[in-house]
Amino acid sequence: MDLKKQNGVSCCKDMDFYERVRQVCLKIPCGKAASYGQIALLCGKPTYARQVGYALRMGKAGEGIPAHRVVSAGGVLSGAQSFAAPDLQKRMLEKEGVAVRLTDKGWRVDLKEYGWKHTEAEAREFYRMFRE
């Protein structure tokens with residue numbers, strides 16, 4: 001196994017990227033959801049949506065992250081593969097007031113209504129924070 005690479009991310013920058021994921025996820029407001037791609041973009045790595053999912057699923061971004069607020073670009077919940085119970089993410093979002101409905105693709109959040117609309121100021125703040 002190449003120790004310089006893990007899940008497509010260079011190891012020398014792993015912690016930096018995971019810390020970025022942590023910092024961005026902590027800013028998602030209660031009652032809102034964000035996509036993996038949105039998190040990746042705000043981390044300054046727009047093509048790293050899958051690595052965001054990996055970081056959250058494997059706990060690489062640390063504890064206390066509101067990972068339940070992160071969904072696919074279509075608003076579909078990640079479900080059992082990322083949470084202790086198949087409906088835990090759904091229940092956590094609903095507890096925050098986010099409507100979750102069942103579709104043919106699974107449980108889904110309407111990102112037009114419940115999506116985190118980060119501000120330009122927030123994006124600039126992340127850019128300054130993560131500048132390489």
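A disulfide is a pair of cysteine sulfur atoms within 2.5 Å. This is a predicted model, in which local features need pLDDT of at least 70 and side-chain atom pairs count only at pLDDT 80 or more, while totals for chains, interfaces and linings use all residues. Residues are numbered from 1 along each chain as its sequence is written, and side-chain values use heavy atoms, leaving out hydrogens and water.

Select C25 and C43. The closest cysteine sulfur to that of C25 is in C43, 7.1 Å away, which is too far for a bond. The structure has zero disulfides. C25 is buried (under 20% relative accessible area; exposed is over 50%, partly exposed in between; 1.4 Å probe, protein chains only), at 0%. Now select C30, which is exposed at 53%.

Colour by pLDDT, the predictor's confidence in each residue from 0 to 100. The protein's mean is 87, with 86% of residues at 70 or more. Across residues 1-15, pLDDT stays under 50.

Next, show V21, V24, C25, I39, V52, L56 and W116. Within the largest nonpolar core, of 24 residues, these touch the most other members. Such a core is a set of buried Ala, Val, Leu, Ile, Met, Phe, Trp, Tyr and Cys residues joined through side-chain atoms within 4.5 Å. Helices α1 (11-25), α2 (36-42), α3 (49-57) and α6 (120-130) each give two or more residues to this core; helices are DSSP runs (H or I, at least four residues), numbered from the N terminus.

Finally, select A33, L93, V98 and Y114, which are among the eight residues of a second, separate core.

Notes
Contact means heavy atoms within 4.5 Å.
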